Amino acid sequence: MQQLPTNTKEHIMMTQQKPGLLPKVKGPEMNDRDRLNDVLATEKYLTHGYNISCYEMSHRELHDTVLRILNETHEAHRVCFEQMFNNGWYKLPQEELSEVALAYQQFQNYQGQFPYPQ
Amino acid sequence: MPQNKHDQQHRMSGYGGWHPEHMQQSPYQAQMTYKMGETQYGYHPHHQQQSQQPQSQQQQMKQQIRQQYQGQYAQLSTKDFNYLKDHLSWELLAMKKCAHYAAECQDPQTAQLINQVGMMHERHYNSLLQYFNPQSVQ
C-alpha cells in the first residue's frame with residue numbers, strides 16, 4: 001500500500017491522474033473510480049452507524065467490540081481514500097496563505113478568552 | 001389492558017421474540033403459556049396443536065427454537081439487539097457490494113483493495129453474530 005504524502009506541497013501536486021486507469025471516454029457505466037468511491041461512501045455510512053451504536057450500547061463487551069469495528073472501518077475508509085488519492089482521483093485546491101495567516105491572528109486573539117489562567 | 005398483555009408476550013418470547021410471527025400471536029395464547037418467574041419446558045397443549053397443522057420446515061424450526069428458549073432471557077437489551085441486527089444487515093450488504101465491484105474492476109490493484117475491505121466486513125459480521133449465539137449469550 002502506498003503511503004499518503006504528509007508534505008502539504010506533495011498533496012497539492014498529486015492531482016495529476018494516473019494514465020490508463022480510467023476510460024478515456026466516460027459513459028453511463030461505472031468505472032473503477034466510481035466503484036472505489038461507492039465503497040468509500042459505504043465505509044462512511046457504516047462508521048456513522050457504528051459511532052451511534054458505540055454511545056448507545058449498554059453491554060460493555062459489545063461496546064468494546066463495536067468500538068474496535070468502528071476503528072477498523074475508519075481504517076478501511078482511509079485506505080480507500082489513499083488509493084483514490086494516489087491514483088489522482090481526488091483534487092484538493094490549496095488555500096491562500098494570506099487567508100490562513102489572517103485566521104491565525106484571529107484565533108490567536110481568542111486565546112485571551114481562555115478560562116484557564118496560563 | 002392490552003398494553004400489558006403485549007409486554008408479557010414480548011418478555012415471554014425471550015430469544016425468539018424478534019420474529020414478526022410471534023407478534024401475531026394473540027394475547028390469549030401468550031397468557032396461556034406465560035407464567036411469571038417460571039422457565040417452561042415440555043408439554044404445552046397449544047404447541048402440540050400447532051405442530052399438527054401443516055407447516056413448512058422453516059416454520060417448524062422456528063417453533064422449536066421458541067419452545068427451547070421459552071421464558072429465558074438473553075444478556076442483550078432489546079435496544080442493543082436491534083442495533084446489532086441493523087449492523088449485521090449493513091455488513092452483509094457491504095461485503096456483497098465489495099465482492100461485486102472487485103469482480104468488475106479493471107485495475108487489479110483497486111480490485112484487490114476492494115476485496116480486502118469486503119473480507120473485513122465478513123470478519124465484522126462474524127464477530128457481531130457471536131452475540132446472537134444462545135450458547136454464549138444465555
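Mentor: Welcome! One idea first: two residues are in contact if their C-beta atoms, placed from the backbone, lie within 7 Å. Keep in mind that this is a predicted model.

Trainee: How do you know that the length of helix α2 of chain A agrees with what a helix should span?

Mentor: Helix α2(A) covers residues 32-56, which is 25 residues. The expected span is 1.5 Å times one less than the number of residues, so α2(A) should span 36 Å. The end C-alpha atoms of α2(A) are 36 Å apart, and therefore the two agree.

Trainee: Which residues of α2(A) are buried, and what makes them so?

Mentor: A residue is buried if 20 or more other C-beta atoms lie within 10 Å of its own. In α2(A), the residues that pass include Leu36(A), Val39(A), Leu46(A) and Tyr50(A), and also Asp32(A), Arg33(A) and Glu43(A). In chain A as a whole, buried residues make up 16% of the 118 residues.

Trainee: What do the buried residues of α2(A) pack against?

Mentor: Their partners are α3 (60-86) of chain A, together with α6 and α7 of chain B.

Trainee: Which helices of chain B supply at least two residues each to the contact with chain A?

Mentor: The contact takes 24 residues from chain B and 21 residues from chain A. On the chain B side, α6 (78-104) and α7 (108-129) each supply at least two residues. The largest share, eleven residues, comes from α6(B). By type, the chain B side divides into twelve nonpolar, six polar and six charged residues.

Trainee: Why is α6(B) called roughly antiparallel to α7(B)?

Mentor: α6(B) and α7(B) pack at an angle of about 155 degrees, with their axes 8 Å apart. Angles over 145 degrees count as roughly antiparallel, so α6(B) is roughly antiparallel to α7(B). The crossing of α6(B) past α7(B) is left-handed.

Trainee: Which residues make the contact of α6(B) with α7(B)?

Mentor: Among them are Leu88(B), Leu92(B) and Met95(B) of α6(B), and Ile114(B), Val117(B) and Gly118(B) of α7(B). The residues of this contact divide into 15 nonpolar, five polar and two charged.

Trainee: What makes up the contacts in chain A with a separation of 6 or more?

Mentor: Residues 24 or more positions apart account for 63% of those contacts in chain A.

Key. Residues numbered from 1 in each chain as written. Chains lettered and ligands numbered in written order. Predicted model: local features only at pLDDT ≥ 70, side-chain atom pairs only at ≥ 80, totals over all residues. Helix = DSSP H or I, 4+ residues; strand = E, 2+ residues; numbered from the N terminus. Nonpolar A, V, L, I, M, F, W, Y, C, P; charged D, E, K, R; others polar. Buried ≥ 20, exposed ≤ 12 C-beta atoms within 10 Å, placed from the backbone. Axes fitted to C-alpha atoms, helices over the stretch in contact; angles between N-to-C directions. Parallel < 35°, antiparallel > 145°, perpendicular 65-115°, else oblique. Left-handed = near helix turned anticlockwise from the far one by under 90°.
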